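Visitor: Please pick one part of this model and take me through it closely. After that, show me how it sits among the rest.

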Amino acid sequence: MYFDPEYERMDRATLEGVQLERLQSTLNRVARNVPLYRRRFEDLGIDPDDFRSLDDVRRLPFTSKTDLRENYPYGLFAVPLREVVRLQASSGTTGKPTVVGYTRNDVRRWAGLTARLLVAGGVTRDDVVQVALNYGLFTGGLGFHYGCETLGASVIPASSGGSKRQVMVMQDYRTTALVCTPSYALHLADVMDEMGLNPTALSLRFGLFGAEPWTDAMRREIEERLHLSATDNYGISEVMGPGVAGECLEKNGLHVNEDHFLVEIVDPASGDPVAPGEVGELVLTTLTKEAFPVIRYRTGDLTRLLDGPCACGRTFCRIGRLIGRTDDMITVRGINVFPSQVEAILLDVEGAEPHYQIILERDASHLDVATVLVEAEEEAIVSGSISTQQEMIRKIERRLSSELSVSFKVRLVEPRSIPRSEGKAQRVVDRRGL
Amino acid sequence: MLRLRNVDVLYGKVPALIRVSLHVRPGEIVALVGGNGAGKTTTLLAASGLVRPKDGEITFEGRDVSRLSPDRIVAAGLSHVPEGRLVWKPLPVEDNLRLGAFLRSGDAAGVARDLDEVYGLFPILAERRRQPAGTLSGGEQQMLAIGRALMARPRMLLLDEPSMGLAPAVTREIFSLIVRLRRERGLTVLLVEQNARMALRIADRGYVLETGRVILQGPADELLENRDVQRAYLGRDADAGDSPSH
């Protein structure tokens, strides 16, 4: 099933033609209407007429979060404020939020793009979709909400929080599709357990999860516990919100809506393109946004391009799961580690839960000490024999150190003792006072 | 179906088109809008081989046509209905139509059949088949110009300012005919119009040209909503009349 088959299955040559046309008119507009970009063209002594291929975009510098901050709140808008019908903000994972605006056309196009992802994830107009993402300045809730309405599904704007009420709504309204963060999906499963509710009694069929990195093992757990088919999706407020990329039911990478976003993957340090398939920072250029176009925006998100066609028939390129953020990266005794790498290992170890927290400290000799608190799967492990515990701890420590080249201390903690988030989970506590 | 990529056209030393990229997919109606001298007509002339681009690619159904002669382009299935209609005024209507089939000299039966079909589409032309084309009204001459282009059995039409000099009611008739040609014959259309609103209403997508460059493009309904387009080409003053609270 496709929401927009003509574009989603377009042959590459036609698609690249569409991208080039849209890139050229976007560059014409930003050069004329946005002082930052106009200055950049002037400084480089080039003008938008010089861009004749998609690769030419690399002649322009990146746009960074700092550029956005320096132009807070409206400096990068390409239309006067009176043409803006919606204002949202980045969720502010790091630092001061960014204000993003949408024209009427932007809002409509955005809805069409989230509708594509919903359909790719299995949702149809017959579904009852519970959107348990925050409604407000954060783009997640309203972004998916409009997509559901555009698709014609019945949408429940549950927003985030109030987990017992979420479960009640899910049960009483016979929700068939759930949209939230993956950690919140697991939290809802826990709440159902506490309430003594068997998820098989629910009507759930599909789930679209995003807004934070997760893993395939976490997907399996969500699918088993909530009895639904879970797909991953990716969005970023500075670029649009949800609707940038999402998985189809092949669950083998996220299709980027390439007719609206130009994708590059670059080395976060040098800014050079990485070799095909290598992990790097995702850089996006909007091709159709009117109010808030961004050129070569460094998302700070790490992923890689996947090779080969997808069995679903979509011709849009796929990116791998987001494995973390360039600014999530922690450095332990000089070695770079992403929390998602720790998570992937925990999910692989029997008896450990994917709920964890990394504590970073400095010891008396000023060396980094990294500790991972890991929830045990059952009470029995924590209260059980010391040797069982020791064995499991050693197993996790060995794997962490052999795969990540960093020595972590591992501490087992009781099930559900690590605070659950209702938004993005706090995976790292850094007490090093850096 | 038709694709222009980075097309530059110079008239002498004056650039008429700068890096124009656009495409038309099979069965689409695409409108090219913009002010006088924006490069709309030049774009059509380049596609039909009447002016040569200095640089860039033009393909029709995947085939490079940028160096083909105009008659070879017509034979490939791309016909041009020029601005101002340019019918042969002293000649009878039917002879004008037959001129459109000049490449099909060996196919008398086919030409006769197509002539009947054109008369079916435009009954008024059948009534006036013996009259000199110069005695037709403006709207009838436009129909004749389109009919003449159809006589070459095109799969795609390039239509230059079909509404020029026509009364609004006649313009509406011509436009509904364009929609009908697409629906009934699967004809693909690239339409150049000063009357941007009307063109965008029947088009699937549109491109806005300004000083030889594509400055905006997108679905026609989005362009109709776009305030830059409204201000510049739709004659609506977007700054007046709204937001009484200001």
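Predicted model: local features only at pLDDT ≥ 70, side-chain atom pairs only at ≥ 80, totals over all residues.

Our part is an open sheet in chain A. Its four strands come in the order β20-β19-β18-β21 (chain A), and their pairing is mixed. At the edges stand β20 (408-413) and β21 (428-430) of chain A. Each has a single partner strand, so one side of each has no neighbour in the sheet. From one strand to the next, the twist averages 20 degrees.

Strands of a sheet pair through backbone hydrogen bonds, either parallel or antiparallel. Take one pair here. Strand β19 (residues 368-376) of chain A runs parallel to β20(A), and six bridges join the two. Look for Leu373(A): its bridge partner in β20(A) is Arg411(A).

Stop at the loop between β20 and β21 of chain A. Arg416(A) is found there. Arg416(A) is not a glycine, yet its phi is positive, about 65 degrees. Most residues other than glycine have a negative phi, and most peptide bonds are trans. Is Arg416(A) buried, exposed or partly exposed? A residue is buried at 20 or more C-beta neighbours and exposed at 12 or fewer. Arg416(A) has 15 inside 10 Å, so it counts as partly exposed.

Lys251(A) is in the loop between β8 (241-247) and β9 (254-256) of chain A. Its phi is positive, near 50 degrees, and Lys251(A) is not a glycine. With 16 C-beta neighbours inside 10 Å, Lys251(A) is partly exposed. Next comes a cis peptide bond, from Tyr72(A) to Pro73(A), with omega near -5 degrees. Pro73(A) lies in the loop between α4 (65-70) and β1 (84-89) of chain A.

Step back to the domains. Chain A is divided into domain 1 (1-325) and domain 2 (330-430). Their centres, taken over C-alpha atoms, are 30 Å apart. The contact takes 18 residues from domain 1 of chain A and 15 from domain 2 of chain A. On the domain 1 side, α8 (182-194) and α9 (216-226) of chain A each supply at least two residues. α8(A) gives the most to that side, with four residues. By class, the domain 1 side has six nonpolar, nine polar and three charged residues.

Gln166(A), Val167(A) and Met170(A) of α7(A) are buried. Why are they on the same side of α7(A)? Because they cover an arc of only 95 degrees around the axis. An α-helix has 3.6 residues a turn, so residues three or four places apart point the same way. Lys164(A), Arg165(A) and Asp172(A) are exposed on the other side of α7(A). Among the elements covering the buried residues are β3 (128-131) and α8 of chain A. After α7(A) comes Arg174(A), with a positive phi near 55 degrees.

Last, chain B. How many residues of chain B are in contact with chain A? There are 19, and they meet 15 residues of chain A. On the chain B side, β1, β2 (14-24), β10 (213-219) and α9 (220-225) of chain B each give at least two residues. The largest share, six residues, is from β10(B). By class, this side has five nonpolar, seven polar and seven charged residues.

Leu2(B) is in strand β1 (residues 2-11) of chain B. It is buried, because 22 other C-beta atoms lie within 10 Å. Beyond its neighbours within four places in sequence, Leu2(B) is in contact with residues including His23(B), Phe60(B) and Leu190(B).

Key
Residues numbered from 1 in each chain as written. Chains lettered and ligands numbered in written order. Contact = placed C-beta atoms within 7 Å. Domains from an automatic or database assignment. Nonpolar A, V, L, I, M, F, W, Y, C, P; charged D, E, K, R; others polar. Arc of directions from axis to C-beta. Pairing = 2+ DSSP bridges. Axes fitted to C-alpha atoms, helices over the stretch in contact; angles between N-to-C directions.
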